[in-house]
Amino acid sequence: MFLHLKNILTAQEVETARVLLGDDAPWIDGRSSAGGQALAHKRNEQLAQDSPQAQQLRALVLAALQRDALFFSAALPKRIFNPLFNRYSGDSNFYGNHVDGAVLRSRYPEQWVRSDLSCTIFLAQPEEYDGGQLLIREAQGERAIKLPAGDMVLYPSSTVHQVAPVTRGARIASFFWIESMVRSLEQRQLLFDMDMDLLRLRSAVGETAPAVVGLTGTYHNLLRMWADV
């Protein structure tokens with residue numbers, strides 16, 4: 001599942017984030033959160049997790065996710081790793097090919113999170129920097145993602161991916177991981193596809209049509225069968 005979610009953050013929320021993530025923010029070496037594989041080819045900056053800016057921004061991102069129905073349908077979140085924030089610019093400008101860790105320790109709250117889905121919310125406009133594409137390896141080739149500020153990409157954590165070198169400006173983003181109630185990628189995709197088709201069917205024939213009632217029951221019975229809560 002690769003999903004582009006538009007306007008996860010409002011324009012005002014993006015502006016708030018950018019003010020808090022200015023040059024005077026407590027940026028630290030991004031390798032402080034890297035595993036052994038990543039240490040050799042991770043060169044970026046990360047907002048200190050215990051800073052007031054990080055606390056405010058975590059709340060902002062989590063509140064935005066709570067109000068987005070499409071995000072819930074796609075991710076079926078059980079646990080969300082506390083949102084982190086990074087910057088690619090200058091000499092700290094790339095993150096080479098890697099796979100995200102399978103199980104990660106989220107500091108706020110203190111809990112382990114299995115990484116089923118990876119998320120990046122872009123906080124700089126594409127024209128503000130050169131390079132910086134999120135490059136995700138697929139069987140058909142490499143997918144390049146560079147989205148407007150406030151938009152989010154959601155993709156499987158099992159993929160090999162990288163952030164291309166930023167050669168001008170600064171790429172600023174929030175990133176985090178989701179542990180889904182439905183562990184299987186295939187089952188989660190089927191539920192998402194069914195939910196989207198149900199939305200279209202409701203708009204065409206109404207909420208109380210027998211087909212809508214029946215298929216809604218099928219959706220929830222499949223979710224009941226597959227969900228681990």
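Contact here means heavy atoms within 4.5 Å. This is a predicted model, in which local features need pLDDT of at least 70 and side-chain atom pairs count only at pLDDT 80 or more, while totals for chains, interfaces and linings use all residues. Residues are numbered from 1 along each chain as its sequence is written, and side-chain values use heavy atoms, with hydrogens and water left out.

**Overall fold**

- The chain contains six helices and 17 strands, where helices (H or I, at least four residues) and strands (E, at least two) are DSSP runs numbered from the N terminus.
- Its radius of gyration is 18 Å, close to the 17 Å that the globule rule gives for 229 residues, so the chain is as compact as a globular protein of that length. The radius is taken over C-alpha atoms, and the rule is 2.2 Å times the number of residues to the power 0.38.
- Along the principal axes, the C-alpha atoms fill a box of roughly 60 × 40 × 35 Å.
- Of the 229 residues, 50% are buried; buried means under 20% relative accessible area, exposed over 50%, and partly exposed in between (1.4 Å probe, protein chains only).
- Among contacts between residues at least 6 apart in sequence, 77% join residues at least 24 apart.

**Arg-171**

- UniProt, in an unreviewed entry, places the feature "binding site" at Arg-171. UniProt positions follow the numbering used here, feature names are shortened, and annotations may be inferred rather than shown by experiment.
- Arg-171 lies in strand β17 and counts as buried because its relative accessibility is 2%.
- With neighbours within four places in sequence left aside, the contacts of Arg-171 include Asn-86, Arg-87 and Tyr-88. Also among them are Thr-120, Phe-122, Tyr-129, Gly-132, Leu-134, Val-163 and Val-166.

- Five of the five residues of β6 are buried.
- In a regular strand the side chains alternate between the two faces of the sheet.
- In β6, Leu-84, Asn-86 and Tyr-88 lie on one side and Phe-85 and Arg-87 on the other, and both faces are covered.
- β6 and β17 run antiparallel and are joined by five bridges; two strands pair if DSSP finds at least two bridges between them. Within this pairing, Tyr-88 stands opposite Arg-171.
- Strand β4 (residues 45–47) also runs antiparallel to β6, through two bridges, and Gln-46 stands opposite Asn-86.

**Aromatic and charged side chains**

- The structure holds two aromatic pairs. Rings of Phe, Tyr and Trp (its six-membered ring) pair if their centres lie within 6.5 Å; planes under 30 degrees apart count as stacked, over 60 as edge-to-face and the rest as tilted.
- The ring centres of Phe-81 and Trp-177 are 5.0 Å apart and their planes stand at 85 degrees, so this pair is edge-to-face. The pair links distant parts of the chain, 96 residues apart: Phe-81 is in the loop between β5 (77–80) and β6 (84–88), and Trp-177 is in β17 (residues 171–180).
- Phe-175 and Trp-177 are also edge-to-face, at 5.7 Å centre to centre and 90 degrees between the planes.
- Phe-81, Phe-175 and Trp-177 form one aromatic cluster; Phe-81 and Trp-177 are buried, and so is Phe-175.
- The charged end of Arg-58 sits over the ring of Tyr-108, 3.9 Å from its centre. The criterion is NZ of Lys or CZ of Arg within 6 Å of the ring centre and within 35 degrees of the ring normal.
- The charged end of Lys-146 sits over the ring of Tyr-129, 4.2 Å from its centre.
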